Amino acid sequence: MKLLALLLFSLLSGVIFPGGGEAQAQDPQATAATWEEALAVYQEVLDARDAALRTHDILMDRQEEARRSGDDARARDAMRQVHDQGIRVMLLDQELRMVAERLRRAGRAYLEELDAREDELLDALASAILPMTRNRLESQLAELRREYREVERQAGAPQVAELRPLPDVVVDRRDGPEELRGKAGLLENRAAEYDSVIAGLEREITTRERRLQLERGREDLLAGISRFDDAALTGGGISRPGTDGRPDGVDPLGEIDLAALPLEAQIALLREYLELARDLRNEALAMARVFRDRAEGVRP
């Protein structure tokens, strides 16, 4: 955790990412190094948050066992532990959103470098005459596109998160105001998680829509270059007729492997996932309101 604290302090104080736009002024090697550093910081915070979530789920199970035991003191202590761990999860979620934004900035800067390099390769390819030169440029372009896809996948990873189900909480006749407020807080914390997912999904959809427009423009350019085999260029991500919409067999509640899908399918799936996240958020808040009303003596 000391390493995590130092990394977070570096982020907050602007040591790793001074300001918001300086990365664009760095050379390609520095931009790539900044990206790798941001990715390492993000992964550390993500691991800490995931571990806290697992602990929170374990404590929730223990709370349910304590409630069923009829031991009020044990049940109150279990609820306190769930509440405290929930706060820790919420704080780590805030840290994760912060480092995820830093990661996206570093990723965007690196992707801009790769975009510029791709434009250079396309220009060179358009004027190349010798087969050996064309083959070399095609190979470089294919490798660059693979690198672009990997960076794009990792930069987007923080916001394409798996949706956790709603907490399984019910009103018990033995619940007092404290227990009812605790359950309401649990639901509100989960709604905050959904809000984080929703904000990220909206950003990811916008990013992919812009990328799709760029790739379509480049595909049009490549289509006009008839002196080499376009099939050799992989990783472009442009979907062909018949690939629109969500692929069959994709579970919107499971983990999303966006890297394996063309951009149009990614956008369609993310939109479906966004609607699901919004529905879960609204349901969590509505349930929380019921518990708070009961805690205040208001009956529906």
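Predicted model: local features only at pLDDT ≥ 70, side-chain atom pairs only at ≥ 80, totals over all residues.

Q: What makes helix 2 roughly antiparallel to helix 3?
A: The axes of helix 2 and helix 3 cross at roughly 160° and come within 7 Å. Angles over 145 degrees count as roughly antiparallel, and therefore helix 2 is described as roughly antiparallel to helix 3.

Q: Which hand does the crossing of helix 2 and helix 3 have, left or right, and how do the residues of their contact divide?
A: Helix 2 passes helix 3 in a left-handed crossing, and the residues of the contact divide into 28 nonpolar, ten polar and ten charged.

Q: What makes up the largest nonpolar core, and which element gives the largest share of this core?
A: The largest nonpolar core has 26 residues, and those with the most contacts inside it include Trp35, Tyr42, Leu103 and Leu114. Two or more residues come from each of helix 2 (28–69), helix 3 (72–127) and helix 4 (131–156), while the largest share, eleven residues, comes from helix 3. Apart from this core lies another, of 16 residues, among them Ile198, Leu212, Leu263 and Tyr273.

Q: Why is Pro177 called partly exposed?
A: Pro177, in helix 5 (residues 177–223), has a relative accessibility of 45%. Buried means under 20% and exposed over 50%, with partly exposed in between, so Pro177 counts as partly exposed.

Q: How far apart are the C-alpha atoms of Pro177 and Phe291?
A: Although Pro177 and Phe291 are 114 residues apart along the chain, their C-alpha atoms are separated by 8.9 Å.

Key
Residues numbered from 1 in each chain as written. Heavy atoms only, no water. Core = buried A, V, L, I, M, F, W, Y, C linked by side-chain atoms within 4.5 Å. Buried < 20%, exposed > 50% of the residue type's maximum accessible area, 1.4 Å probe, protein only. Helix = DSSP H or I, 4+ residues; strand = E, 2+ residues; numbered from the N terminus. Axes fitted to C-alpha atoms, helices over the stretch in contact; angles between N-to-C directions. Parallel < 35°, antiparallel > 145°, perpendicular 65-115°, else oblique. Left-handed = near helix turned anticlockwise from the far one by under 90°. Nonpolar A, V, L, I, M, F, W, Y, C, P; charged D, E, K, R; others polar.
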